[in-house]
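Below are my entries, in the order I looked things up.

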Amino acid sequence: MAEPKFISKPGQVDYTNIRYAPALNVVVTFKGKVLLVKRSADLRLYPNVWASIAGFLDDNQSIEQKAYEELHEELGLTKHEVISLQRGSPLLREDETLDKTWLIVPVLARVTTGHFQLDWEASQAQWFDPDDIAKLKPMLLPELDKVIGQFFP
């Protein structure tokens, strides 16, 4: 499925052509494993790379509210299937190819289930041992190893 055209909701910011963009990066964990999704080939940003659950911080929801929203949208998980959310330390990442600077806000989500339903943003998903994730480079979302490393040193 092709990426749908972004239509902002009232109060939402469209970061498509804005130089600086805040983004949420949710690391999902269950029984010591980390869930990574392979981003769809149709996505405009970072197609075909392994990533965590991510989204723009583009409205006035809290970090936690946005994390629950992204988990529901991309994996079909409900708030009741999330044991806890833990914030990491924000990172800055310059991407000269996109002419964009990302402010990445990491969040660790511990969940009660290994079952989920992918939406159109991902073509596949897999549970990984945290120590094996760095081996996925260069097919790994830039800086994701640093995000995950905050929670699994």
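**Leu35.** I began with the cover over Leu35. The model is predicted, and in it Leu35 has a relative accessible area of 2%. Buried means under 20%, so Leu35 counts as buried. I then placed Leu35 in strand β2, residues 33–39.

Which residues does Leu35 touch, leaving out those up to four places away in sequence? I listed Val28, Ala51, Leu75, Phe116, Ala125, Gln126 and Trp127. I followed up Ala125. Leu35 and Ala125 lie 90 residues apart in sequence, yet their C-alpha atoms are 6.9 Å apart in space.

**Whole chain.** I counted two helices and eight strands in the protein chain. Their order along the sequence is β-β-β-β-α-β-β-β-β-α. The radius of gyration is 15 Å, close to the 15 Å from the globule rule for 153 residues, so the chain is as compact as a globular protein of that length. I noted a C-alpha trace spanning about 40 × 35 × 30 Å along its principal axes.

I checked burial next: 42% of the 153 residues are buried. Then I took contacts between residues at least 6 apart in sequence; 70% of them join residues at least 24 apart.

**Largest pocket.** I looked up its volume, which is about 980 Å³. Of its 39 lining residues, Glu3, Ala54, Gly55, Phe56 and Glu121 are the closest to the centre. I sorted the lining by class: 18 nonpolar, six polar and 15 charged residues.

Which element gives the largest share of the lining? I found α1, with four residues. Elements supplying at least two residues each include β1 (20–30), β4 (53–56) and β7 (100–111).

Notes. Residues numbered from 1 in each chain as written. Predicted model: local features only at pLDDT ≥ 70, side-chain atom pairs only at ≥ 80, totals over all residues. Heavy atoms only, no water. Buried < 20%, exposed > 50% of the residue type's maximum accessible area, 1.4 Å probe, protein only. Contact = heavy atoms within 4.5 Å. 1 Å grid on protein atoms, 1.4 Å probe; cavity = no way out; pocket = protein on both sides within 12 Å on 5 of 7 lines; lining within 4 Å. Points joined across faces, edges and corners; volume = space filled by probe spheres on them. Nonpolar A, V, L, I, M, F, W, Y, C, P; charged D, E, K, R; others polar. Rg over C-alpha atoms; globule rule 2.2 N^0.38 Å.
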